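This briefing concerns the structure shown below.

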4 protein chains.
Amino acid sequence: MSIVLGPNQFGKAEIRLVHVDRTTPVHRITDLNVSTALRGDFAAAHLTGDNSHVLTTDAQKNTVYAFAREHGVGEIEDFALRLGRHFVGSFPWIGQARVTIEQYAWERIVVDGEQHDHAFRRAGGERRTTVVTVDGDAAHVVSGIAGLVVLRSTGSEFWGFPRDHYTTLAETTDRILATEVTARWRYVGADHDFGPLFDGVRGTLVSTFARVHSLALQQTLYRMGEAALTSYPQVAEVRMSMPNKHHFLVDLTPFDLDNPDIVYQVPDRPYGLIEATVSRDDAPDPGPSWLAIPGFC
Amino acid sequence: MSIVLGPNQFGKAEIRLVHVDRTTPVHRITDLNVSTALRGDFAAAHLTGDNSHVLTTDAQKNTVYAFAREHGVGEIEDFALRLGRHFVGSFPWIGQARVTIEQYAWERIVVDGEQHDHAFRRAGGERRTTVVTVDGDAAHVVSGIAGLVVLRSTGSEFWGFPRDHYTTLAETTDRILATEVTARWRYVGADHDFGPLFDGVRGTLVSTFARVHSLALQQTLYRMGEAALTSYPQVAEVRMSMPNKHHFLVDLTPFDLDNPDIVYQVPDRPYGLIEATVSRDDAPDPGPSWLAIPGFC
Amino acid sequence: MSIVLGPNQFGKAEIRLVHVDRTTPVHRITDLNVSTALRGDFAAAHLTGDNSHVLTTDAQKNTVYAFAREHGVGEIEDFALRLGRHFVGSFPWIGQARVTIEQYAWERIVVDGEQHDHAFRRAGGERRTTVVTVDGDAAHVVSGIAGLVVLRSTGSEFWGFPRDHYTTLAETTDRILATEVTARWRYVGADHDFGPLFDGVRGTLVSTFARVHSLALQQTLYRMGEAALTSYPQVAEVRMSMPNKHHFLVDLTPFDLDNPDIVYQVPDRPYGLIEATVSRDDAPDPGPSWLAIPGFC
Amino acid sequence: MSIVLGPNQFGKAEIRLVHVDRTTPVHRITDLNVSTALRGDFAAAHLTGDNSHVLTTDAQKNTVYAFAREHGVGEIEDFALRLGRHFVGSFPWIGQARVTIEQYAWERIVVDGEQHDHAFRRAGGERRTTVVTVDGDAAHVVSGIAGLVVLRSTGSEFWGFPRDHYTTLAETTDRILATEVTARWRYVGADHDFGPLFDGVRGTLVSTFARVHSLALQQTLYRMGEAALTSYPQVAEVRMSMPNKHHFLVDLTPFDLDNPDIVYQVPDRPYGLIEATVSRDDAPDPGPSWLAIPGFC
């Protein structure tokens, strides 16, 4: 028996970057959280502390800032691809580079009915995400959303489940269905008009959540993925993680009150957690697309 | 010398409540985080563990849920007043009741250009708040906003400050100004049409942030408060807490790049913290309005 | 009517500083989170954006780091006093300086039964705190603890409370009592041997929590404060905020199981919140000691 | 082309459970956060909303609480195995069950030099973890630690790295090395005396961090894993995620002060992130051990 180094990666995580486009008086701001990770031949650093292959995480950070200046940012997928290709091309021992980006949305403040040129308001907790993996000459793009909290106040049933010794839940034909969607979708190829595509896929996911009369959160999830795949041939696969954020009717009978689906308590924990992948049967091989992406099956 | 009990209060904190108005097929949802606190003669519980005056925090919670069913919620100020008056009226030893509410905003999901009847999306991190204190027959209402993140990409200067031995900061005539506004405003009296008033004050604060060419965050803060007081005679006083969320230009000269106000790094900590009160000189006495409200001067 | 500036303060919040004492091979580390706030004549900055009185928050931060080098840190109260006195002495228009510090505890890693010279482990979530206010020539010191989570698995009763229309809680003579203590105590004067005093007061609070058979969390709180005041004449007043972190017995009867105080569920919210002050009847005037300290009555 | 359901799982996440062992007056408490996930034939729920295979997440939660009463908890690995085997044995369509547990440590409060029977203090942010996957008749156990924050104030170098166009970092032969260790180790087989084993592996990781003179965080990580594997033949593989929590020397030269490795600022973000696997070359196949475990390569 001997002890061996297995899969490994290193990089700089959570580089917070704001880019201001001042080319016209109507400024545009891009607000990002960028993380990089390199994979390749880094055995010496682990085994003997020989850093001759270690492109420092400080340099990785510098590269992110410098590229934002040199090339601008644009769509996060394009920015990530540019960075990933640079890293893989920089030294022969770097085989793969993964660039993960979260983008925070801002909207213009409206003053006297007009959108302001340079005053902005942060628009909510939802983030646009991408995980780009450059693997030699190949590139894999997984884009997504996180922090999208949605709720249906009716049109959600849950019944017909098996009852074992530990099942006490009542069946219901009308409950609140609420979740915080984390969705990631893998594109076929890496050459797309990523902005409109993102808007399209995101919009399809959201409107499908709204449209589907739900018999199970699993069903809602599947329909959302199916709709995205049906509408966007550029998408090979969708993975979703959807906590069931329970809303429980409060029992008001001790106070001589009924509660016909009106007043709910909302516990933080525990919560149901539904996770699934929906894909095309002819989806190309994912390669390292999903490596080390947190929390997906 | 003897040891004495000083000011004290107790209650139930962070009661999460969702109310669904199903009176028409177009549902309306109200999503709240309610905290209650009672003040009065509770010495025996402290001194001897005699609970005969302690209206349990469990009963306080029950009351919140039951009132939501019995009377509906409506504007959070009215809901808090109804609860506070109930508590003060319930037992003679309860002198004051404070009800604090945070409201989370939801917007309807749009499907095929139409707002959905019962599918919603959580709208960002901003919350509407109120702190209502009922003191015997009197009532005090402090409403506000929290979590409003705003940014100006230009139109912010900072110069003319004194330079001591420890001052190294360069003066600037153009910087990013970003903050997360916590504002609380005290109303004159407790009988208002709170919904439109909230929209008005909040809108005034936001648009003033956008309008003001800033020479100091203090100045921006003051103008925001002044505008609210000028436009709304119902407001006696505004207190604001505004962290200066620094955006620092990245030095790109080592990479032979300039950086003309384009690429910024955004540290989490430390941050400047500017807090001030703006009020009318004839504002009525606040009484216990501001007691135990976190983080204000 | 005219609009006026009321109380205000500004400073640098959450300056993270680690100091390493290398005077012997047995290193000592001090890990702090420091916040500063200045009060005085800063009207011009608010009213006209004239910054000639504004000692920049950047300079305040620099001062903190420089003082740690020049004078060392020592006990956090002494470090805060040194900083506060410096700020108040630096410019005539600065009337008050408040310096707030949280200290994170580290313990040495034990290797082969020996404490290591320079390898440390972060010791838990509890923090030692101080809020020092220098007001001209006077100085006020409020020290404390935060994040101290304690639990009694028996020896806690709760009964004898009044029952109104909304009371459903059962009385109990045996429950789990758990809380996260935030305690702040005000010292008489500012010239103490703060290290041993802190250890003494903290130890008294913790052991009193353990000792007291509890009839109400209010009673436990009071006894803790009383014990600190009785043992330490240097302490004028203790303020405590103690959430009642509920542990609810799970009803296992549907599964033909009893549950004699064995298996509990632990909700995050809502929670009871008990806050009170215990003081000497001859305590000196607090002056601005408690100004703008979050969350106390 | 058709659209297909891919890998999926569902369960109840973050079931907070406290178990009190009262069999002697010296109580023992066990404080857990349990998450369950089932895998198998759940296609119908996704495709048509047919829940006939869906063992509700509510029942999964009930099972966790009931098992804690019926069988006690004991070591978290044993509790997780018991639950996982139950779920897999409950219905034929459940092929795999994953049970994830985090355990929070408590220590007894010391009163008058004696450990108290039933009063406890929460001991820090470090958690003991396990992820158990029962796959038919097979069982896989991955145990670990999370939230272990450690620091070396000397004995850490970093030099010899390549310098590209974006490298500005200076080499150093003495820096602070600090990290928050997340480690997970996979056991060979599922039948061990898990308590002492956990203590042993954890102790080896911590003391190795303290012992190793570090030339790279990668090297420290590797040595930690190597030491665990060398000392414990029951361990097949160790995966570690170690952020490089940067401590930067403050430049005090503007204030005419040197800073010989004494005063550091501690930014939150960005941070280096080093992740690697160390294993035996004859480690048995992991099967589904690592499926959907967040954040590992």
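How many residues does the contact take from chain A and from chain D? In this predicted model, the contact draws 76 residues from chain A and 76 residues from chain D.

**The side of chain A that touches chain D**
- Several elements of chain A each supply at least two residues of this side: the strands β1 (3–13), β2 (15–21), β8 (235–244) and β11 (271–280), together with the helices α1 (43–48), α2 (57–71) and α5 (217–231).
- The most is given by β1(A), which provides eleven residues.
- Sorted by class, the side of chain A that touches chain D comprises 38 nonpolar, 25 polar and 13 charged residues.
- β1(A) also pairs with strand β11 (residues 271–280) of chain D, in the antiparallel sense and over nine bridges.
- Within this pairing, A13(A) stands opposite Y271(D) of β11(D).

- The same surface serves both copies, since 100% of the contact residues of chain A recur in chain D.

**Strand β11 of chain C**
- Strand β11 (residues 271–280) of chain C has nine of its ten residues buried, so it is largely enclosed by the rest of the structure.
- Strand β1 (residues 3–13) of chain B runs antiparallel to β11(C) and is joined to it by nine bridges.
- In that pairing, I3(B) has R280(C) as its bridge partner in β11(C).
- Strand β8 (residues 235–244) of chain C also pairs with β11(C), in the antiparallel sense over eight bridges.
- Here the bridge partner of P243(C) in β11(C) is L273(C).

**The largest nonpolar core**
- The largest nonpolar core has 354 residues.
- Which residues have the most contacts inside this core? They are V150(A), V150(B), V150(C) and V150(D).
- Leaving aside neighbours within four places in sequence, V150(A) is in contact with A178(A), T179(A), V181(A), V206(A) and F209(A) of chain A, and with I109(B), A119(B), F120(B) and R121(B) of chain B.

Technical notes
Residues numbered from 1 in each chain as written. Chains lettered and ligands numbered in written order. Predicted model: local features only at pLDDT ≥ 70, side-chain atom pairs only at ≥ 80, totals over all residues. Core = buried A, V, L, I, M, F, W, Y, C linked by C-beta atoms within 7 Å. Buried ≥ 20, exposed ≤ 12 C-beta atoms within 10 Å, placed from the backbone. Contact = placed C-beta atoms within 7 Å. Helix = DSSP H or I, 4+ residues; strand = E, 2+ residues; numbered from the N terminus. Nonpolar A, V, L, I, M, F, W, Y, C, P; charged D, E, K, R; others polar. Pairing = 2+ DSSP bridges.
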